[in-house]
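Subject: Structure handover

Hello,

Here is the structure for you to look through. My notes follow below it.

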Amino acid sequence: MSVTSRRRFAAIALASVAVLASATACGGDDSSSDKDGGKVTLVVDVFGDQGFGYEDLYKQYQTEHPNVTIQERGKGLGLGDYNTRLTQQITAGAGAGDVVALEEGTIVQFFAQADKFVNLADHGANDLKGNFLPWKWEGGLTPDGKVLGLGTDVGGMAVCYRSDLFKAAGLPTDREQVGALWPTWDAFIEQGKKFTAADSKHKFVDSATNFYNIVLMQTAGAGNGYTYFDKSNKLVVGENQDVQAAFQQTTKMISAGLSNNLRSFSNEWNAGFKNGSFATIGCPAWMTGVIKGQAGDAAAGKWDVAKAPGNGGNWGGSWLAVPKSSKHQKEAAELAKYLTTAKSQTEAFKKVGNLPSSPQALNDPAVLSATNDYFSKAPIGKIFAAGASELKPVYLGPKNQAVRDAVENALRSIEQGKAADAAWQDAVKNGQAAGK
């Protein structure tokens, strides 16, 4: 969901840390105190505006396991704050939930601490391999073959757009016609120029950095298969042509004046949805939940979903893992397995739009036929699920987020007037420093 960093929730994060400091019993380390006649309390740590859509699944699981009580933490917490907290908890060996979400951009960093996580293979996870897309299953394995996490969702790729703003600018509004406008990212920029010429009040895209990450993940998926680190974890931020190509494509968009210059997941970005200040956003499946949550009921029916330029691509997705600090490892492992079944992934998709990583779920009629009333009844199941089995994963190194932040900061400096060549040099220099 995935999955980046990608945050506006500083106040929430501070409050969460304060709660954590005073009551780490909410995590796994003290949860044995919840035992009473065989009763167990399991804490699930997630992140993001809409969470992972597990509320009804928790109720069902507790009905089927009357000795288990489930508590969830983290909904509304940004990924950056969540990951900082989780890293501290795993390093300390205390405070983390019994089940924790690991996002695609950060799971690799925990491979070095695999000894602090339960090997889910010891709880029958290897028998579930066929329940996940092959590359999603592999993404949850440590280099020595331990099952660190079980896959939740994948990102997929599309473009979400404001059909009312398109209509006012004289552009098509039908999603098939809109998708046909931009077979390539260059064509997308050209359409943005037409929009800007007709509408001086709104920007074409929300932010340069979101645009950049969508292009980067697609370019790397079709190219080298990695971004800032190669698959041996060598830092290649200045050498990887896929990174440079995505950076250059983004500078074209900035130079054309298409960006609203917003920092993703900031208060200003959130307000941009409410105010309708931009017309398009790069849209992996999980982003639909973010848009609905931020734009609110007033924008229902004004948003729609169209095919992204280029071929497919993926951005986002997570895994569920069990820290060894949990006092209920067996019960936590069973819950993680339940929350990642094909049926559970289908339910989460219907709840918040997170695209399943299970091939069985992706072929479920409930997914394939799904439409979204908020997005003008867009056939989101067809749009996002159609090519999901053919998605090409992109390897993200252990310090991916730190390097990504450095590159994004360089792009923001272009929005503020810095020359593109100088900004690229900054991206390489600061990215190399961050990745050491």
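**Salt bridges**

Arg-404 counts as buried, at 6% relative accessibility; buried here means under 20% relative accessible area, exposed over 50% and partly exposed in between, with a 1.4 Å probe and protein chains only. Glu-408 is also buried, at 6%. The side chains of Glu-408 and Arg-404 meet in a salt bridge, 2.8 Å from N to O. The term salt bridge stands for a side-chain nitrogen of Lys or Arg within 4 Å of a carboxyl oxygen of Asp or Glu. Both residues lie in helix H17, four residues apart, about one turn of the helix. Salt bridges with shared partners join Arg-404, Glu-408 and Arg-412 into one network.

Before the rest, the ground rules. This is a predicted model, in which local features need pLDDT of at least 70 and side-chain atom pairs count only at pLDDT 80 or more, while totals for chains, interfaces and linings use all residues. Residues are numbered from 1 along each chain as its sequence is written, and side-chain values use heavy atoms, with hydrogens and water left out. Helices (H or I, at least four residues) and strands (E, at least two) are DSSP runs, numbered from the N terminus.

The whole structure holds 13 salt bridges. One of them pairs the side chains of Asp-45 and Arg-73, at 2.7 Å from N to O. This pair links distant parts of the chain: Asp-45 sits in strand E1 and Arg-73 in strand E2 (residues 68–73), 28 residues apart. Asp-45 is buried at 0% relative accessible area. Arg-73 is buried too, at 16%. Strand E1 covers residues 40–45. Asp-45 also has other neighbours, among them Tyr-82, Arg-85, Gln-89 and Val-100; contact means heavy atoms within 4.5 Å, and residues up to four places away in sequence are not counted.

Asp-373 and Lys-377 form another salt bridge, at 3.2 Å from N to O. Both of these residues are exposed.

**Domains**

How is the chain divided? The domain assignment gives domain 1 (36–154 + 317–362) and domain 2 (158–313 + 376–434); the bounds come from an automatic or database assignment. Their centres, taken over C-alpha atoms, are 28 Å apart. The contact takes 16 residues from domain 1 and 20 residues from domain 2. About 1,500 Å² is buried between the two domains, with 64% of that area from carbon and sulfur atoms. Buried area is the accessible area (1.4 Å probe) that two parts lose on being put together, summed over both. The salt bridge count between domain 1 and domain 2 is zero.

**Cores**

The largest nonpolar core has 83 residues. Such a core is a set of buried Ala, Val, Leu, Ile, Met, Phe, Trp, Tyr and Cys residues joined through side-chain atoms within 4.5 Å. Trp-182, Phe-247, Ile-291 and Trp-303 have the most contacts inside this core. Helix H8 (residues 208–222) gives the most to it, with eight residues. Domain 1 and domain 2 both give residues to this core, so it lies between them. A second, separate core has 48 residues, including Val-40, Tyr-54, Leu-79 and Ala-348.

Look at Trp-303. Its contacts include Cys-160, Phe-273, Ile-291 and Tyr-374, again leaving out residues up to four places away in sequence.

**Helices**

In H8, 13 of the 15 residues are buried, so the helix is largely enclosed by the rest of the structure. H8 reaches 21 Å from its first C-alpha to its last, close to the 21 Å expected at 1.5 Å a residue. The expected span is 1.5 Å times one less than the number of residues.

Lys-436 lies in the segment after H18. Lys-436 is exposed, at 73% relative accessible area.

Met-287 lies in helix H11 (residues 287–295). Is Met-287 buried or exposed? Met-287 is buried, at 0%. Its contacts are Asn-210, Trp-269, Ile-281 and Gly-282, not counting residues up to four places away in sequence.

Best wishes
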